[in-house]
There are 2 protein chains.
Amino acid sequence: MTQQDPAPHGSNMGIDGQALWSDLMETARYGGTPKGGVRRLTLTAEDRQVRDWFARTCRALGCTVTHDSMGNQFARRPGQDDSLPPITIGSHLDTQPTGGRYDGILGVMAGLSVLRALNRAGYVTRHPIEVINWTNEEGARFTPPMMCSGVFAGVFAEQAVLDKRDRAGIRFGDELEAIGYRGDEPCGQHPVTAYFELHIEQGPILEAESRTIGIVTGVQGARWYEVTVRGRDAHAGSTPMPLRHDALLGAARMIEAVSQVACRHAPTAVGTVGLIESHPNSSNVVPGEVFFTIDIRDPDDAVVERMEAELYGQLPEIARRSNVEFEIVKVWDAPAVHFDPDCIRMVEVAAAESGHDARRIVSGPGHDAAYMARVAPTAMIFVPCRDGLSHNEAESITEHDATAGADVLLRAVIRADATFSAGA
Amino acid sequence: MTQQDPAPHGSNMGIDGQALWSDLMETARYGGTPKGGVRRLTLTAEDRQVRDWFARTCRALGCTVTHDSMGNQFARRPGQDDSLPPITIGSHLDTQPTGGRYDGILGVMAGLSVLRALNRAGYVTRHPIEVINWTNEEGARFTPPMMCSGVFAGVFAEQAVLDKRDRAGIRFGDELEAIGYRGDEPCGQHPVTAYFELHIEQGPILEAESRTIGIVTGVQGARWYEVTVRGRDAHAGSTPMPLRHDALLGAARMIEAVSQVACRHAPTAVGTVGLIESHPNSSNVVPGEVFFTIDIRDPDDAVVERMEAELYGQLPEIARRSNVEFEIVKVWDAPAVHFDPDCIRMVEVAAAESGHDARRIVSGPGHDAAYMARVAPTAMIFVPCRDGLSHNEAESITEHDATAGADVLLRAVIRADATFSAGA
């Protein structure tokens, strides 16, 4: 691939920041919460509503909109040579149970703003440009996260994902059919020239350094586990302490251990128990069974490996002294990801052109880009979010930063369009 | 009151153990679980079914069946002098979410077996005899437990109880209306001469000592608390450990503290966290808010008081070092109960007459009898349960012990009928 000078970013081509912001506010109504956040769990009625909005809006912008067998949506703006695989822009429109208005959504809406900018300038790219809405990035309702970019990239088997069930026992495939988004195109049979994703940082670094743009070089390694602790239901009033098999007490000690293991690998490592369910969950009953999840991460895969070994070493001892049994199942293992050096460079040049203060950064959270990096040259752009806060209804960004991020995305896409077709 | 010799327990009067066992097995179908337990939460469709069965069966035995404004059911067998307040036998037919077939249910079914024995012998008591089914003894769906014997005894205000809501936000009063069991008789305006309750021990002592009958002298003191820990929802992948406000980690440390406080007051004290709910409860999110309950008990109110003081001393320090806020609300405070010496003696004599091995015992769990002791002379009878196990689908007793308990109940009731009318 040759790094030749791309088609210039004409002075008449720019992001309409107001339209971008308006899209963000408009779609926040689908699953909008009283506290100003969004609850739009994957494959729910709210998810269907925002998908319909996305398809309708992209068609109005002149795109052909399709969805594949996992419900991933593709809005395609034709290029000069439609035989070339598209330059793609993507992210997700599902949210956490108490999510914000920007996590994922900004990346998709910024894609629309790029389409608008190209349309207004009458600019015809060499490649088709596609904006992608990935199904179930969050993994909040169906585990694991980044589920359908994962199927796209061949990380997960489609049938296994279709058979996943949420905590209420509802099957992923059934819900996908029910909302009308199981398409005919087999997931993954959709060649891509390059992939770019704009996202909020979901961490505190850019804000702390007063920078507008993060040039994301990769994603830290992450592993998820599901733990079931088994004790014995017993009456809270009459079961002497030494005779108890208290699954919740055992789980509480394991939660403390997860935190200690992460703190031992400061400052980069993190460890979280985010979900817990206790059974039978009655004030009056010593809990007989507790289910919880563990999430551990570090930019260095070797550190993640050591954390796992420490947990595997400590949990049996905790179970023994808590008089309970337990089992742990690793349900997700995402090695650290290193994005494509050429794509990173394109983002870096775009940020420099745009005049915004930028720095290189490693992503803490996983993103669909982490899987797309397996099948196409990929990079990401971050913009700051207030207090580094995310997965929270109070998630907040500024219109200025959203527009800046979309501008860098537009410039990177145009540069990639020129560069990759030259090199192809 | 004079302890004169009561009407003799004729040799032709005895408990039909097979009919008692058959009643237990028949009603276990209402809310029966695949594991052989019962899930019959108060005021659900299953609760309505068993209430209907109770009313139907008692009418067939010649009783008048009524229910009061809290849904407490009263099946009345006439006596020689119907102006006398009844000798009562009661317990409850609701269960824990994963409860057994005997907790509460045995006491009501034994009441029916007493009615059958009296009928078969053609024995007319001086007092009317009533069998009572108390609403919501368990407190599993609506807190606190022994709710409607509590209203009956003037411990709880009726309106406050009607306005209680379950964890799904459904109002107690609405559910009571919905199942058709809100009666016209104001709860508590129902004079009672004496109250007896047969119950499984729900603890290991009788079985360990190979005794059949527990002569219950009182109930240990108990307090319940609701704790809300408040942190901040944040992304599990990108929020550095020192910047977290992890409500679940704080709660885990408090759960450990509850256990330690109880163990410090061994061997009688117990402390339990039976219910926990974490919010937003997603693998990917540092929990922002956790709700849990605490149950502490000891036969000595002074020990309960000291345990409370220790908890109140430790929780703020745990919250501080866990970077979270919390609040604790005491929702139930049941001092230790001492049953009526005459009624205890009647049970003791009845046990001796029956020839079963018996001992005096203090109840660990609370029972409706604990509130009834405030308004009428009261005592209880325990029979063993396998492994001391209760609030568990595997709860198990023998037909022999159930029959023995009902026989002692019958003898105590006849003795009370003679004794109390003599003393009145």
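Begin with helix α10(A), where Cys343(A), Ile344(A), Met346(A), Val347(A), Ala350(A) and Ala351(A) are buried. Buried means that 20 or more other C-beta atoms, placed from the backbone, lie within 10 Å of a residue's own; with 12 or fewer a residue is exposed, and in between it is partly exposed. These six residues cover an arc of only 155 degrees around the axis, which puts them on the same side of α10(A). The arc is taken from the directions that run from the helix axis to the C-beta atoms.

Before moving on, a word about the model. It is predicted: local features need pLDDT of at least 70 and side-chain atom pairs count only at pLDDT 80 or more, while totals for chains, interfaces and linings use all residues. Residues are numbered from 1 along each chain as its sequence is written, and chains are lettered from A and ligands numbered from 1 in the order in which they are written.

Now select residues 341-354 of chain A to see the whole of α10. At 1.5 Å a residue, its 14 residues should span 20 Å, and the end C-alpha atoms are 20 Å apart, which agrees. The expected span is 1.5 Å times one less than the number of residues. Helices (H or I, at least four residues) and strands (E, at least two) are DSSP runs, numbered from the N terminus.

Which residues other than glycine have a positive phi? Select Asn323(A), with a phi of about 65 degrees, in the loop between α9 (301-321) and β13 (325-334) of chain A. Asn323(A) is partly exposed, with 16 other C-beta atoms within 10 Å. Then go to Asp387(A), where phi is near 60 degrees. Asp387(A) sits in the loop between β16 (378-383) and α12 (399-423) of chain A, and it is partly exposed, with 15 other C-beta atoms within 10 Å.

Next, select Thr143(A) and Pro144(A): the peptide bond from one to the other is cis, with omega near 0 degrees. Pro144(A) is in the loop between β4 (129-134) and α4 (147-152) of chain A. In chain B, the bond from Thr143(B) to Pro144(B) is cis too.

Zoom out and show both chains.

Finally, look at where the chains touch. The contact takes 60 residues from chain A and 60 residues from chain B, with two residues in contact if their C-beta atoms, placed from the backbone, lie within 7 Å. On the side of chain A, α8(A) gives the largest share, nine residues. Of the interface residues of chain A, 100% are also interface residues in chain B, so the copies meet through the same surface.
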